[in-house]
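Dear colleague,

I am handing over the structure we spoke about, together with notes on what was found in it.

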Amino acid sequence: MDNTDRALFRTQLLSRHLQNDTAFTSNSPLQPSPCLHYSPPEARFEFDTKDLRKLVDGHHVEERDWLFRLMNGEPELFGVKRRGDRVFASPDYNQPMEQQREMTLKRIRYMAHQGAFHGWVTAPPEKIDLKKFAMLEICGAYDHSLAIKIGVHFQLWGGAIQFLGTKRHHDKWLELTEKYLINGCFAMTELGHGSNVRGIETVTTYDSSTGEFVINTPCESAQKYWIGGAAIHATHTVVFSQLEINGKKEGVHAFIAQIRDANGNVCPNVQIADCGHKIGLNGVDNGRIWFHNFRIPRENLLNSVADVSSDGHYISSVEDPDQRFAAFMAPLVSGRVTLGSGAIYSAKVGLGVAIRYSLTRRAFSLATNGPEVLLLDYPSHQRRLLPLLAKTYALSFASNFLKMLYVKRTPESNKIIHVYSSAFKATMTWHNMTTLQECREAIGGQGLKTENRVGQLKSEFDVQSTFEGDNNVLMQQVSKALLSEFLSAKKSNIPLSRDLGLEHMNNSSPVIPSQLTSSILRSIQFQTDILCLREGDLLKRFAEEVSHYQAQGLSKQKTLTMTYQLAEDLGKAFSDLETFRSFVEVEANVSAADMKNILGLLRSLYVMITIEENVSFLRYGYLSTANAAAVRKEVAKLCTELRPHALALVSSLGIDDTFLSPIAFNWIEANSWSEVRN
């Protein structure tokens with residue numbers, strides 16, 4: 001068609017449009033395209049997805065599947081609805097906030113009635129903790145509000161009584177807690193103090209004439225804030241407060257307080273307000289609490305660490321105030337472990353939806369009149385999603401390592417667990433938000449629909465970056481602990497121990513080859529060397545910078561605020577190295593060649609993307625620009641090699657299909673007119 005014919009055609013077309021002429025003839029140059037149809041992705045797996053799932057979940061696979069079945073078996077309670085040829089389970093986030101809260105409570109009561117929480121606070125922790133973590137991961141994959149409200153009651157309230165209380169508290173409260181006959185919450189954070197728990201302003205004194213503690217909120221900034229469960233449902237709380245005995249401040253202690261009676265009425269001398277609507281987690285009734293000369297029995301002090309005698313004398317088996325404070329923070333550690341593993345499960349849902357969609361959705365063609373191309377066959381789309389999938393596998397293994405570390409804890413290992421849980425909680429929750437955002441964009445406008453889950457999960461899980469400690473603050477705590485370990489060993493002239501994985505610094509720094517080939521980049525030796533080099537060098541730089549500022553007369557606290565950038569780099573370096581080590585340990589215990597091959601590809605992609613995305617490798621000279629370019633090329637190669645395994649890899653993540661969304665499967669049928677009519 002020459003320019004004249006083209007102009008004539010456009011004139012005729014415009015004329016018909018203006019005349020509303022729709023009588024196109026069969027030989028019209030405008031022919032309709034054949035309709036798209038859904039073709040499921042080819043399910044040819046080169047390794048056993050069930051075996052890989054066992055590695056990823058790590059423990060209690062049967063219990064996880066039992067909970068999936070329990071939820072799917074109650075369609076009305078858990079929002080199980082048919083779309084197309086499948087059913088999906090999801091809360092109704094379009095419900096008013098008040099209704100979402102009531103549904104969360106009903107689900108917990110149903111689960112309690114079905115025995116889901118049996119032994120959670122009455123069995124020995126070492127026998128129940130892993131099962132508890134597994135169940136909470138599934139709850140969070142269904143609904144973050146459900147997992148958080150369960151966690152507040154059992155892990156924070158129940159955990160505080162377990163670990164901070166003694167026999168008198170265990171006998172009175174634990175069975176009631178486990179049967180959900182009372183509803184507990186955890187009143188630590190205040191309007192004026194969140195991460196800085198030492199600075200909380202609630203004050204508790206002791207009245208020896210009545211044998212009672214008296215709790216007061218002395219100012220508005222001391223009101224307890226963001227207390228999950230407090231607004232509507234909680235009957236009891238653990239109150240964290242400054243304890244003053246005979247005018248002397250003894251630091252933060254924990255007390256049991258009943259804030260509502262059996263009929264749900266707020267107790268005298270207590271005021272409670274609702275925190276209101278939030279961007280997510282509206283199934284949790286967060287509240288604010290004020291206390292005005294609120295009296296509780298002396299026995300309600302959780303006294304495993306310290307006590308007050310009936311005549312008003314303070315007694316503690318732990319003389320060091322810092323160690324005493326650390327003991328009172330113990331319940332938060334299990335919370336960080338849970339948040340980290342829950343974040344990874346959320347990322348699995350996002351990737352399960354986005355990658356499955358990209359295996360069936362096509363866009364554009366690469367040749368005139370050629371077929372449209374699957375989204376995941378575009379290298380750019382592979383680069384968006386597959387590195388996040390590799391990271392999710394790596395962090396799943398790190399999460400399992402952390403859970404085992406927690407379950408096997410001893411009083412001597414509490415500091416080590418604090419460091420690992422702080423680093424991994426920050427890394428995993430950051431990763432989850434990055435993953436959900438990328439998945440939301442990768443599924444286009446479908447990501448805006450609540451039923452497709454990914455966009456809603458972003459809102460639901462956003463809070464995790466500041467839950468149980470602000471992530472940036474946690475990373476600085478990690479660096480302070482590493483610095484303390486390094487300086488202590490240096491001062492005593494002894495080798496660094498394995499406790500925090502710093503033993504590699506007892507040897508000379510690794511030397512990175514001047515030219516990195518594909519085989520070198522994929523070797524465990526190179527990957528170990530580059531990650532150890534980064535951590536060791538950053539720790540030495542951090543120590544030198546701290547020493548430099550202290551030599552100028554700056555205080556320890558001022559020095560640490562001046563060195564925050566190195567501290568954050570070091571915290572991330574520690575987390576990346578320990579994640580890699582957990583991956584290598586899992587891989588070493590696999591004998592099947594096909595499984596070992598896929599794990600090797602995932603591990604290499606995890607390390608390559610860690611190097612590529614972290615500017616510290618170039619900033620501090622660990623890699624030349626030429627080698628950095630080689631890493632970038634290797635990322636693309638690894639994505640290409642993992643592309644054929646994408647479906648198998650998301651099928652191994654341990655997420656029941658009903659917890660995904662309609663666009664992960666037959667998205668055409670799910671959006672058909674017949675579905676609208678039905």
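Aspartate 48 counts as partly exposed, because its relative accessibility is 39%, where buried means under 20% relative accessible area, exposed over 50%, and partly exposed in between, computed with a 1.4 Å probe and protein chains only. The model is a predicted one, in which local features need pLDDT of at least 70 and side-chain atom pairs count only at pLDDT 80 or more, whereas totals for chains, interfaces and linings use all residues. Residues are numbered from 1 along each chain as its sequence is written, and side-chain values use heavy atoms, with hydrogens and water left out.

Aspartate 48 sits in the loop between α1 (3-18) and α2 (49-57); helices (H or I, at least four residues) and strands (E, at least two) are DSSP runs, numbered from the N terminus. Together with Glu46, Asp51 and Asp594, Asp48 forms a negative surface patch. Such patches are made of residues with over 30% relative accessible area and no salt bridge, like charges being joined within 9 Å and nonpolar side chains (Val, Leu, Ile, Met, Phe, Trp, Tyr) within 5 Å. Asp and Glu count as negative and Lys and Arg as positive, while His and the chain ends are not counted, and the place of a charge is taken as NZ of Lys, CZ of Arg, CG of Asp or CD of Glu. The accessible areas come from the Shrake-Rupley method with a 1.4 Å probe, and for residues only the protein chains shown count as cover.

Next, the salt bridges. Side chains of opposite charge can pair when their charged atoms come close. With a salt bridge taken as a side-chain nitrogen of Lys or Arg within 4 Å of a carboxyl oxygen of Asp or Glu, the count comes to 39. In one of them, aspartate 65 pairs with arginine 53, and the closest N and O atoms are 3.0 Å apart. This pair links distant parts of the chain, since aspartate 65 belongs to helix α3 (residues 61-72) and arginine 53 to helix α2, 12 residues apart. Aspartate 65 is partly exposed, at a relative accessible area of 25%, whereas arginine 53 is buried, at 13%.

Arginine 83 and glutamate 675 also meet in a salt bridge, at 3.7 Å from N to O.

Two backbone angles may be worth a look. Asparagine 246, in the loop between β7 (236-245) and β8 (248-258), has a positive phi near 50 degrees although it is not a glycine, and asparagine 246 is exposed, with a relative accessible area of 71%. Glutamate 468 likewise has a positive phi near 50 degrees; this residue is found in the loop between α13 (454-461) and α14 (471-492) and counts as buried at 19% relative accessibility.

With kind regards
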